[in-house]
Amino acid sequence: MKTKVGIIFGGKSGEHEVSIQSAKSIYEALDRDKYEPILLGVDKQGVWRLGRDASFILNASNPKLIALNAAAPAVVPVESPGEALALRDPASGSVAEIVDVFFPIMHGTFGEDGSLQGLLKMVDAPFVGASVLGSAVGMDKEVMKRLLRDAGIPTPRFACVRSVRSRLEAAVEGLGLPLFVKPCNLGSSVGISKVKRMQELHPAVERALRFDRKVIIEEAIQGREIEVAVLGNDDPKASVCGEIIPQHEFYSYEAKYIDENGAMLRIPADLPAWISDQVRDLAVKVFKTLECEGMGRVDFFVKPDGTAMVNEINTLPGFTKISMYPKLWEATGLPYPELLDRLIQLALERHGKERALERGAEF
Ligand SMILES: Nc1ncnc2c1ncn2[C@@H]1O[C@H](COP(=O)(O)OP(=O)(O)O)[C@@H](O)[C@H]1O
Ligand SMILES: [Mg+2]
């Protein structure tokens with residue numbers, strides 16, 4: 001019997017369209033001898049819709065117009081008494097589909113921050129990627145940096161504020177200029193400003209506060225942007241290094257999604273072995289420190305003297321065939337369909353181990 005893989009994508013975040021593209025790539029590449037893909041698109045209102053073939057994704061070849069088919073039936077995930085998980089039609093309550101393992105690829109808010117992972121845990125379903133804790137920790141830039149700092153992993157110095165009434169100048173004392181001001185729990189560079197003069201700080205914080213209740217302000221690091229893909233549960237492995245070369249002031253939203261030539265990817269990165277070895281070791285350490293499982297892309301700044309600082313981890317990185325995470329594995333010798341296979345096996349393995357745990361006290 002084929003394993004039914006529920007690909008969960010879309011969602012209410014600003015990365016809705018990117019997520020559909022990631023899902024489309026996964027849908028196309030899954031090994032049909034082993035797996036039967038089930039498409040679970042979450043629309044911008046949060047409704048889950050079920051699709052069984054590619055017609056569920058409209059305008060599939062146009063990244064700007066790509067969309068879910070709103071005529072597809074709505075479903076909700078519910079725990080079923082058997083091994084697998086049921087998707088029910090919310091109106092009639094009848095079982096619409098049974099899924100064996102989920103592949104969430106919903107980037108950003110709700111999909112990447114532990115919310116979706118919590119829902120899947122509640123219904124006792126195996127799923128790909130970090131669980132609740134790793135997802136939540138990886139999403140919150142302040143908590144992530146505190147844990148890295150505690151583990152002795154270099155990361156830019158930072159301060160956090162929750163209102164513009166905070167004494168901003170005092171908060172950033174010692175961080176110098178320029179500064180990076182970011183909403184704490186977002187992605188895709190949304191709401192991020194590079195502040196070069198102190199007078200720009202207040203408006204930058206105000207802007208970031210439109211997106212999040214907590215804002216992080218970081219010292220700016222001058223360095224190359226190097227990324228490493230990590231894969232595994234208890235014994236995670238690092239891919240070769242890749243480099244992002246932004247053609248803008250920094251790797252902004254425009255550079256990522258609007259300007260087709262906004263950034264160049266170089267895989268593998270042109271780095272001496274002693275630097276790439278150090279960065280890859282550090283990537284695995286970051287992955288473990290932040291309680292990650294399955295996959296994660298660790299992003300660094302490598303300074304001119306060769307030392308590396310961690311910028312962030314992405315627990316559900318972009319996953320189209322041309323995205324950095326799959327590309328890095330391909331360059332390391334793991335082609336896209338095999339990467340998917342490995343991730344699904346890791347999800348099933350973890351779920352099996354969790355199921356084997358005792359739940360109550362011993363009397
Ligand atoms: N402390 C920093 N020093 C230098 N550049 C930074 C710093 N923080 C962020 N940037 C730039 O901004 C981009 C987006 O920041 P990042 O923290 O990765 O946000 P996101 O989670 O939205 O990707 C980075 O890829 C980099 O180009
Ligand atoms: Mg980033």
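Reader: How much space lies in the second largest pocket?
Author: About 220 Å³ of space lies in that pocket of this predicted model. A pocket here is an open set of points on a 1 Å grid over the protein atoms alone, where a 1.4 Å probe fits and protein lies on both sides within 12 Å along at least five of seven lines. The volume is the space filled by probe spheres set on the points, which are joined across faces, edges and corners.

Reader: And which residues are the closest to its centre?
Author: Those are Asn233, Asp234, Glu291, Cys292 and Glu293, out of 13 residues that line the second largest pocket, lining residues being those with an atom within 4 Å of a point.

Reader: Which helix gives the most to that lining?
Author: Helix α10 does, with three residues, and α3 (132-139), α8 (273-289) and α10 (336-355) each supply at least two. Helices are DSSP runs of H or I with at least four residues, strands are runs of E with at least two, and both are numbered from the N terminus.

Reader: What does the lining look like by class?
Author: The lining of the second largest pocket has seven charged, three polar and three nonpolar residues. Asp, Glu, Lys and Arg count as charged, Ala, Val, Leu, Ile, Met, Phe, Trp, Tyr, Cys and Pro as nonpolar, and the others, Gly among them, as polar.

Reader: Staying with α10, at what angle do the axes of α1 and α10 cross?
Author: The axes of α1 (residues 16-29) and α10 cross at roughly 95° and come within 9 Å; axes are lines fitted to C-alpha atoms, for helices over the stretch in contact, and angles run from 0 to 180 degrees between N-to-C directions. The two helices are therefore roughly perpendicular to each other, a term that covers 65 to 115 degrees.

Reader: Which residues make the contact?
Author: From α1 they are Ser22, Ser25, Ile26 and Ala29, and from α10 Tyr336, Pro337 and Leu340, where contact means heavy atoms within 4.5 Å. The residues of this contact divide into five nonpolar, two polar and no charged.

Reader: How far apart are the axes of α3 and α4?
Author: The axes of α3 and α4 (residues 141-150) are 5 Å apart, and the helices pack at an angle of about 100°. Val137, Gly138 and Met139 of α3 meet Lys141, Val143, Met144 and Leu147 of α4.

Reader: Switching to sheets, what is the order of the four strands in the open sheet with mixed pairing?
Author: The order is β3-β2-β1-β9, and two strands pair if DSSP finds at least two bridges between them. Strands β3 (48-51) and β9 (101-104) stand at the edges with a single partner strand each, so one side of each is left without a neighbour in the sheet. The twist averages 30° from one strand to the next.

Reader: Which strands of that sheet does α1 touch?
Author: Helix α1 packs on β1 (3-10), β2 and β9, and its direction makes about 160° with that of β1. Helix α2 (residues 115-122) lies across β1, β3 and β9, running at about 175° to β9.

Reader: How many bridges join β6 to β7?
Author: Four bridges join β6 to β7 (residues 85-88), and the two strands run antiparallel. Val76 has Arg88 as its bridge partner in β7.

Definitions and conventions. Residues numbered from 1 in each chain as written. Chains lettered and ligands numbered in written order. Predicted model: local features only at pLDDT ≥ 70, side-chain atom pairs only at ≥ 80, totals over all residues. Heavy atoms only, no water. Parallel < 35°, antiparallel > 145°, perpendicular 65-115°, else oblique.
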